[in-house]
Amino acid sequence: MNEATEHTTRDGLELGYPPVFAEVSEAVRVRLRATGWWPALRWAARGACTLAFAAAALALFLPREPEPGKAVEMVLLGLVALAAAELVPWGTARSVFLMARSQGEARAVVDEDGGRWITRDTDIVVRWAMLPRYVETPRLFVLLTARRAGTGFAYLPKSGLADPAGIDRLRAVLDRNSVRL
């Protein structure tokens with residue numbers, strides 16, 4: 001993409017990018033961290049794992065007759081709880097990535113009104129009122145819905161811009177229309 005295609009009407013910025021699993025995964029993780037329930041779920045899974053390990057230790061060391069079978073069950077239960085919670089971001093990112101990959105390269109146009117995402121089969125316009133918050137990472141701008149319990153997000157890879165100066169222009173548009181977290 002050249003400099004001429006980066007500018008659109010009303011000084012919008014245009015990005016073109018293929019879906020990349022690492023970027024989708026990063027965007028999903030940013031979205032999960034911005035929710036209220038995700039950190040609580042992770043701590044609950046870690047707590048369940050700790051309790052299961054403690055129960056396993058009790059089954060081995062507290063009774064006169066150790067119960068290794070019960071200890072193994074508790075250890076496995078704790079590991080399943082922990083693994084299930086830790087796999088949520090990967091599973092979510094994988095499903096979003098497969099859907100995005102089926103659409104091929106995406107094009108996004110961001111201006112003072114909001115963003116427009118165009119793929120092979122979609123053309124979606126989202127106003128800033130729907131995505132009023134954003135997080136910047138080294139590779140992405142992740143736009144988030146207002147509700148902490150919500151799941152809505154969009155991402156804009158910095159690599160999708162035609163030149164490095166586009167990153168500063170995009171950040172300026174986002175700062176004027178959205179709140180940086």
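Which residue in β3 stands opposite V110? In this predicted model the residue facing V110 is G115 in β3, and the report below sets that pair within its sheet and then turns to the rest of the fold.

## Basis of the description

The model is predicted, so to speak, and local features need pLDDT of at least 70, side-chain atom pairs count only at pLDDT 80 or more, while totals for chains, interfaces and linings use all residues.

Helices (H or I, at least four residues) and strands (E, at least two) are DSSP runs, numbered from the N terminus. Two strands are said to pair if DSSP finds at least two bridges between them.

V109 in β2 stands opposite E14, and the bridge partner of V109 in β3 is R116. Five of the six residues of β2 are buried, where buried means under 20% relative accessible area, exposed over 50%, and partly exposed in between (1.4 Å probe, protein chains only).

## The sheet of β5 to β8

A second open sheet of four strands has the order β7-β6-β5-β8, with mixed pairing. Here the edge strands are β7 and β8 (179-180), and each pairs on one side only. Helix α2 packs on this sheet, touching β5, β6 and β7, and its direction makes about 135° with that of β7. Helix α5 also packs on the sheet, touching β5, β6, β7 and β8, and its direction makes about 15° with that of β6. Contact here means heavy atoms within 4.5 Å, and the axes are lines fitted to C-alpha atoms, for helices over the stretch in contact, with angles that run from 0 to 180 degrees between N-to-C directions.

Strand β6 (residues 140-144) is mostly covered, with five of its five residues buried. In a regular strand the side chains alternate between the two faces of the sheet. In β6, L140, V142 and L144 point one way, F141 and L143 point the other way, and all are buried. Strand β5 (residues 133-136) pairs with β6 in the antiparallel sense over four bridges, and a hairpin joins β5 to β6 through three residues. The bridge partner of V135 in β6 is V142, and that of Y134 is L143. Strand β7 (residues 153-157) pairs with β6 in the antiparallel sense over five bridges, and in β7 the bridge partner of F141 is L156.

## The nonpolar core

A nonpolar core is a set of buried Ala, Val, Leu, Ile, Met, Phe, Trp, Tyr and Cys residues joined through side-chain atoms within 4.5 Å. The largest one has 34 residues, and those with the most contacts inside it are L15, Y17, W117, L143, L156 and L170. At least two residues of this core come from each of β1, α2 (21-33), α4 (68-102), β2, β5, β6, β7 and α5 (165-177).

Y17 touches W117 and L156, among other residues that include E105, A106, A108 and Y155, when residues up to four places away in sequence are not counted.

A pocket is found on a 1 Å grid over the protein atoms alone, as an open set of points where a 1.4 Å probe fits, with protein on both sides within 12 Å along at least five of seven lines, and its lining residues have an atom within 4 Å of a point. About 510 Å³ of space lies in the largest pocket, where grid points are joined across faces, edges and corners and the volume is the space filled by probe spheres set on the points. The lining has 19 residues, of which M99, A100, W117, I124 and Y155 lie nearest the centre of the pocket. At least two lining residues are supplied by each of α4, β2, β3, β4 and β7.

W90 lies in helix α4 and is partly exposed, with a relative accessible area of 45%. W90 and E26 are 64 residues apart in sequence and 9.7 Å apart in space, C-alpha to C-alpha.

How values were computed
Residues are numbered from 1 along each chain as its sequence is written. Side-chain values use heavy atoms; hydrogens and water are left out.
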